[in-house]
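Biologist: Could you walk me through how the labels on this model are assigned? I would like to see each value set against its cut-off.

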Amino acid sequence: MTYPQIDPVALNLGPLAIHWYGLMYLLGFTFVWLLGRYRAARHDWQHGQLEDLLFYGALGVILGGRLGYALFYDLAANLDNPLNLLKIWQGGMSFHGGLIGVLVAFWYFGRKTGKGFFEISDFIAPMVPIGLMLGRIGNFINGELWGRVSDVPWAMVFPGAGPLPRHPSQLYQAALEGLLLFIILWLYSAKPRPRAAVSGLFLLGYGVFRYIVEFVRIPDPQYGYIAFGWLTMGQILCLPMIIGGVAMMIWAYRRQA
């Protein structure tokens, strides 16, 4: 298959170019807000609290995602040109950095509202995968983060990736870390669960799905394969999430017992 050559610019308004990548983030926050209104009505959240949380969360995603990418994946280049941190339309967002930013936002929001940290994270976790799915679709439109060379029927020839077809790993991530994880968390959280269990399942599910996709995704060139000819930085960053997710779920259920 040939990559469909989607123009990364969705709309030009004079000198202003609106990129699909940025629109995916905007669409993601919109979906989270709509789903959040449904959940807020069922979890006794006061009017306006959801909007405040999403505002702080958006700052955490953008600032944490960019800073995390600079720290984990491209430190030297961003030190040479710090203004690159502002160019979010070019991609370069670290999920793990964004997660740290969101956790800081949860802590701050909890201090302002008196809500517990896990009360906040359990509330928001089932909705996050929708944003992740749209972000990966944005990566696909940008023609970035492609996978390894493959002969599967749906492999694509990406611009800038050479003449050989490759796994569309962005779409794998959209399907697993996005749609499938959303379904799992939404169904799991539909019934009362111990505090922190939903958050733990999110960490576990994302960590496992991302770890799996890394086997067919090209690692960032500045790191390559770190060990054993297959271990990537993405997999290393997922290991604490998997371990932490399992530990949180065990702790949550033992605490309830």
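**Values against cut-offs**

Modeller: Gladly, and let us start with a charge: Lys-115 lies over the face of Trp-45, at 4.6 Å from the ring centre. This is a predicted model, where local features need pLDDT of at least 70 and side-chain atom pairs count only at pLDDT 80 or more, while totals for chains, interfaces and linings use all residues. Residues are numbered from 1 along each chain as its sequence is written, and side-chain values use heavy atoms, with hydrogens and water left out.

Biologist: What makes a charge sit over a ring?

Modeller: NZ of Lys or CZ of Arg must be within 6 Å of the ring centre and within 35 degrees of the ring normal. Arg-39 also lies over a face, that of Trp-186, at 5.8 Å from the ring centre.

Biologist: Why is the pair of Phe-118 and Trp-251 called tilted?

Modeller: Ring centres of Phe, Tyr and Trp (its six-membered ring) must lie within 6.5 Å to pair; planes under 30 degrees apart count as stacked, over 60 as edge-to-face and the rest as tilted. Phe-118 and Trp-251 are 5.9 Å apart centre to centre with 45° between the planes, so they are a tilted pair. Phe-118 lies in helix α5 (residues 117-124) and Trp-251 in helix α9 (residues 233-256), so the pair ties together parts that are 133 residues apart in sequence. Helices here are DSSP runs (H or I, at least four residues), numbered from the N terminus.

Biologist: And why is the pair of Tyr-211 and Phe-215 edge-to-face?

Modeller: Their centres are 5.7 Å apart and their planes stand at 75°, so the pair is edge-to-face. By this rule the count comes to 16 aromatic pairs. Ring pairs also link Tyr-3, Phe-140, Trp-146 and Phe-158 into a cluster.

Biologist: How do you know whether Tyr-211 is buried or exposed?

Modeller: Buried means under 20% relative accessible area, exposed over 50%, and partly exposed in between (1.4 Å probe, protein chains only). Tyr-211 has 18% relative accessibility, so the residue counts as buried. Phe-215, at 36%, counts as partly exposed. Phe-118 at 26% is partly exposed, and Trp-251 at 40% is partly exposed too.

Biologist: What makes a set of residues a nonpolar core?

Modeller: Its members are buried Ala, Val, Leu, Ile, Met, Phe, Trp, Tyr and Cys residues joined through side-chain atoms within 4.5 Å. Of the 23 residues in the largest nonpolar core, Phe-95, Phe-202 and Tyr-206 touch the most other members. The elements that give two or more residues to this core are α4 (95-113), α7 (169-188), α8 (197-213) and α9. α8 gives the most, with 8 residues.

Biologist: Which residues does Tyr-206 touch?

Modeller: Contact means heavy atoms within 4.5 Å. Not counting residues up to four places away in sequence, Tyr-206 touches Phe-95, His-96, Leu-132, Arg-136, Glu-177, Leu-181, Cys-238 and Met-241.

Biologist: Why is Ala-196 called buried?

Modeller: Its relative accessibility is 0%, so Ala-196 counts as buried. Leu-145, at 28%, counts as partly exposed.
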